[in-house]
Amino acid sequence: MATLDLDLFQCRTDNFGVLIHDPASGATASIDAPEEAPILDALARRGWTLTHIFTTHHHQDHVAANLALKDRFGATIIGPVHEADKIPGLDRKVGDGDQFDFAGHPVNVFETPGHTAGHICFFLPQDKLLFAADTLFALGCGRLFEGTPADMWASLRKLMSLPDDTAVYFGHEYTLTNARFSLTIDPANAALVQRVADIEALRASGGFTAPTTIGVERQTNPFLRPHDAGIRAHLGMQAATDDEVFAEIRKRKDHF
Ligand code: ZN
Ligand code: FE
């Protein structure tokens, strides 16, 4: 199996655009479609022609260019069954446990409610690639617009079960703020302290913090660590459930 080529770029203010491309067939998918111009620029720079859009959820900053790109390229749009009526140009509805083929590469769909009720993530097991959009960020997770803390914690647990060396692409460059917040929750975590220093340096030089990996997030992302004894002690929540600790961390982030 040939490996996929991947192109990562900025859209809008802090959204990531991502293209994946199969050299053998020419198939090219945009993960979400935040903004037309930078996606067209990336396609032109690479000499690729768009064939697919994988939509993760209905927010405008993820679907804004769906119709324009479909018009221009005839791209097939694959997206979440449970918010299908809100996805412009949707051709194919997919839900939890579905698998489809992208140019010979299997793509598994996870439903990850919390940020929105029907949010999905795309996992390519052979390529060890996860597109987590606004469910899992580097050192963060999405805001709970349409779900409860328990919904989001269950969604994050699904993603945490993927192999540690899975590369994770996510929807927004929020990492510096997330990093500073993380230190208020898990200040004694040496791996986190080191990672925050690395992120400060990377952002100071203008680099992107995507991709991350499942393994790095499991070690350092406080939203994946409500069971951690150090975090629980720091929050004074030794006897709480994981759901309760997760909810407290999410609430503190909302007010950070
Ligand atoms: Zn969103
Ligand atoms: Fe977003």
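**Entry 1: iron site**

I began with two histidines, His 62 and His 172, and found both buried. The model I am reading is predicted. I then listed the donors of the iron ion (ligand 2): Asp 61 through OD, His 62 through NE2, Asp 134 through OD and His 172 through NE2. The distances for these four run from 2.1 to 2.4 Å.

I looked up the angles next. The four donor atoms around the iron ion (ligand 2) subtend 84 to 170°, so I logged the arrangement as irregular. For reference, I noted that four tetrahedral donors would ideally give 109.5 degrees. In sequence, the iron donors follow the spacing D-H-x71-D-x37-H. His 62 sits in helix α2 and His 172 in the loop between β13 (167-170) and α5 (175-185), so that the pair, 110 residues apart, links distant parts of the chain.

**Entry 2: zinc site**

I asked which residues hold the zinc ion (ligand 1). I found His 57 (NE2), His 59 (ND1), His 115 (NE2) and Asp 134 (OD), at 2.2 to 2.3 Å. The angles subtended by these four donor atoms span 84 to 172°, which makes the zinc arrangement irregular. The test I applied for a tetrahedral site wants all angles between 85 and 135 degrees.

The zinc donors are spaced H-x1-H-x55-H-x18-D along the sequence. I placed His 59 in the loop between β4 (52-54) and α2 (60-63), and His 115 in the loop between β8 (105-111) and β9 (120-124); the pair therefore ties together parts that are 56 residues apart in sequence. His 59 and His 115 are both buried.

**Entry 3: the two metals together**

Which residue do the two ions share? I found that Asp 134 coordinates both the iron ion (ligand 2) and the zinc ion (ligand 1). The two ions are 3.0 Å apart, with Asp 134 as the bridge.

**Entry 4: the six-stranded sheet**

I traced an open sheet of six strands in the order β1-β2-β3-β4-β5-β6, and its pairing is mixed. β1 (5-11) and β6 (92-94) are the edge strands, each pairing on one side only. From one strand to the next the twist averages 20°.

I went through β3 in detail. Strand β2 (residues 15-21) and strand β3 (residues 28-31) pair antiparallel over four bridges, and Val 18 stands opposite Ile 31 of β3. β2 and β3 form a hairpin with six residues between them, and Gly 26 in the turn has a positive phi of about 85°. With β4, β3 pairs in the parallel sense over three bridges. There, Ser 30 stands opposite Ile 53 in β4.

I then checked the side chains. In a regular strand they alternate between the two faces of the sheet. In β3, Thr 28 and Ser 30 point one way, Ala 29 and Ile 31 point the other way, and all are buried.

**Entry 5: β7 and β8**

I asked which residues of strand β7 (residues 99-102) lie on its covered face. Phe 100 and Phe 102 do, while Gln 99 and Asp 101 make up the uncovered face. β7 and β8 run antiparallel and are joined by four bridges. I noted Gln 99 opposite Asn 108 in β8. The hairpin of β7 and β8 has two residues between the strands, and Ala 103 takes a positive phi near 50° in this hairpin.

**Entry 6: helix α4**

I compared the length of helix α4 (residues 149-160) with expectation. Twelve residues at 1.5 Å a residue should span 16 Å; the end C-alpha atoms are 16 Å apart, so the two agree. I listed the buried residues of α4 as Met 152, Trp 153, Ser 155, Leu 156, Leu 159 and Met 160. Seen down the axis of α4, the buried residues fall within an arc of 160°, so I recorded them as lining one face of the helix.

**Entry 7: Leu 192**

Is Leu 192 buried or exposed? Its relative accessibility is 0%, and because the cut-off for buried is under 20%, Leu 192 counts as buried. I located Leu 192 in helix α6 (residues 190-204).

Notes: Residues are numbered from 1 along each chain as its sequence is written. Chains are lettered from A and ligands numbered from 1 in the order in which they are written. This is a predicted model: local features need pLDDT of at least 70, side-chain atom pairs count only at pLDDT 80 or more; totals for chains, interfaces and linings use all residues. Side-chain values use heavy atoms; hydrogens and water are left out. Donors are N, O and S atoms within 2.8 Å of the metal (3.2 Å for Na, K and Ca); water is not among the atoms, so sites may look incomplete. Four donors count as tetrahedral if all angles lie between 85 and 135 degrees; four count as square planar and six as octahedral if opposite donors are over 155 degrees apart and all others between 65 and 115; anything else is irregular. Buried means under 20% relative accessible area, exposed over 50%, partly exposed in between (1.4 Å probe, protein chains only). The expected span of a helix is 1.5 Å times one less than its number of residues. The arc is that of the directions from the helix axis to the C-beta atoms. Two strands pair if DSSP finds at least two bridges between them. Axes are lines fitted to C-alpha atoms, for helices over the stretch in contact, and angles run from 0 to 180 degrees between N-to-C directions.
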